[in-house]
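This briefing collects computed geometry for one protein structure. The sequence and coordinates come first, and the notes are grouped by topic after them.

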Amino acid sequence: MNEKQIRWGFIGCGEVTEKKSGPAFSLIPGSSVCAVMSRNGEKARNYAERHGIAQWYTDAQQLIDDPNVNAVYIATPPSSHATYAIMAMRSGKPVYVEKPLAASYSDCQRINRIAEQTGVPCFVAYYRRYLPYFQKVKELVAEGAVGTIISVQIRFAVPPRDLDYNSQQLPWRVQRDIAGGGYFYDLAPHQIDLLQELFGPIIRAHGYCTNVKGLYESEDTVSASFQFHSGLPGSGSWSFVASECSKTDRIVLIGDRGAIGFSVFTYDPITIVTEQGTEQLSVPNPEHVQMPLIQNVVQHLQGTARCTCDCISATSVNWVMDRILGKQYK
């Protein structure tokens, strides 16, 4: 595909599209949004009116079949990613899918098979790879700011959200059949993808999962160990029912001459600790955080650049998460 003008159709118009991603599609040269779809007609109409989008639908196939749409953004919960991505690719239209790529590793494999068969590209919204904050972390690792990295540690803990206490109307992110798992399956993908961007593929992963509070059926506490292809070991702990005072969002890269610490969701200052002392770096990100990646996707579709944040590179994240959660496949 070497279209000069990329005209997007959105399948889904939830919270992520309001600021993180949606506006970027219309701010990038050669890119615009011409249609949006939601099963809720009022929601689709309202979104289209607020964002100046010409057409709205309640049926995904109608949006995909719209001749004005030549690329599709899938911003629905993970359980429908594979279905919509395959529908679009079979119609010859490239897709940009919210993370994780799908609700399971096996669904990712389905997407990859269709991408290979059709030759239609499928990109995935692991936008943190492209943000200045994480580009700086990558630069520090590459230049040996703390020597050779010898261990990786993920620490994440947050209190339950108010909606988690509403057993009659739980958020989709804790419903395994919709999200693929609990909050781990929603938040850990960004952490795992970043680490694989820094250190290559994880080839071994094991986990221990439990449900401490019983607010929902999915796991609310996870511990894991993993190893990269290079032999570098790593570990992680996640709690989604912690106390307010124990909130943590940190990845620590331990080197043989110091350590680098950074957050994944709060963008707290990057900390470099060496024998010379402690240094903190504040690195701002763009207002619409998905914009650098979306720009690369648009340029790829226009034939002026190459985007490697695709379904193949995203699939290993699901493999790691499914190994940690102990999912079994035939």
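The notes below cover aromatic pairs, helix packing, selected residues and backbone geometry.

The model is predicted, with local features requiring pLDDT of at least 70 and side-chain atom pairs pLDDT 80 or more, while totals for chains, interfaces and linings use all residues. Residues are numbered from 1 along each chain as its sequence is written, and side-chain values use heavy atoms, with hydrogens and water left out.

**Aromatic pairs**

- A pair of aromatic rings is described by the distance of the centres and the angle of the planes.
- The whole structure contains 17 aromatic pairs, where rings of Phe, Tyr and Trp (its six-membered ring) pair if their centres lie within 6.5 Å, and planes under 30 degrees apart count as stacked, over 60 as edge-to-face and the rest as tilted.
- Phe25 and Tyr96 form an edge-to-face pair, because their ring centres are 6.0 Å apart and their planes stand at 70°.
- This pair links distant parts of the chain, 71 residues apart: Phe25 belongs to helix 2 (residues 22–27) and Tyr96 to strand 5 (residues 95–97). Helices (H or I, at least four residues) and strands (E, at least two) are DSSP runs, numbered from the N terminus.
- Phe25 and Tyr96 are both buried; buried means under 20% relative accessible area, exposed over 50%, and partly exposed in between (1.4 Å probe, protein chains only).
- The rings of Phe156 and Phe265 are also edge-to-face, with centres 5.4 Å apart and planes at 65°.
- Phe156 in strand 7 (residues 149–157) and Phe265 in the loop between strand 12 (258–262) and strand 13 (270–274) are 109 residues apart, so the pair links distant parts of the chain.
- Phe156 is buried at a relative accessible area of 6%, whereas Phe265 is partly exposed at 21%.
- One aromatic cluster is formed by Trp8, Phe10, Phe25, Tyr73 and Tyr96.

**Helix packing**

- Helix 6 (residues 105–118) packs on helix 11 (residues 311–325) at about 165°, with the axes 8 Å apart. Axes are lines fitted to C-alpha atoms, for helices over the stretch in contact, and angles run from 0 to 180 degrees between N-to-C directions.
- Helix 6 is therefore roughly antiparallel to helix 11; angles under 35 degrees count as roughly parallel, over 145 as roughly antiparallel, 65 to 115 as roughly perpendicular and the rest as oblique.
- The crossing of helix 6 and helix 11 is left-handed, meaning that the near helix is turned anticlockwise from the far one by less than a right angle; clockwise is right-handed.
- Helix 6 contributes Tyr105, Cys108, Ile111, Asn112 and Ala115 to this contact, and helix 11 contributes Cys311, Ile312, Thr315, Asn318, Trp319 and Asp322. Contact means heavy atoms within 4.5 Å.
- By class, the residues where helix 6 meets helix 11 are seven nonpolar, three polar and one charged. Ala, Val, Leu, Ile, Met, Phe, Trp, Tyr, Cys and Pro count as nonpolar, Asp, Glu, Lys and Arg as charged, and the others, Gly among them, as polar.
- Helix 9 and helix 11 cross at roughly 125°, their axes coming within 9 Å, and are therefore oblique to each other.
- The crossing of helix 9 and helix 11 is right-handed.
- Residues of the contact include Phe184, Tyr185 and Ala188 of helix 9, and Ser316, Val317 and Asn318 of helix 11.
- The contact of helix 9 with helix 11 has 10 nonpolar, three polar and two charged residues.

**Selected buried residues**

- Gln191, in helix 9 (residues 183–199), is buried with a relative accessible area of 0%.
- Not counting residues up to four places away in sequence, Gln191 touches Ile154, Phe156, Trp238, Ile251, Val264 and Phe265.
- Cys309 lies in the loop between helix 10 (291–302) and helix 11 and is buried at 0% relative accessibility.
- The C-alpha atoms of Cys309 and Ala125 are 7.6 Å apart, although 184 residues separate them along the chain.
- Arg129 sits in the loop between strand 6 (122–124) and helix 7 (132–142) and is buried at 7% relative accessibility.
- Beyond four places in sequence, the residues that Arg129 touches include Asp193, Glu197 and Cys309.

**Backbone geometry**

- Lys99 and Pro100 are joined by a cis peptide bond with omega about -15°; Pro100 is in the loop between strand 5 and helix 6.
- Tyr267 has a positive phi, near 55°, in a residue other than glycine.
- Tyr267 is in the loop between strand 12 and strand 13 and is partly exposed at 25% relative accessibility.
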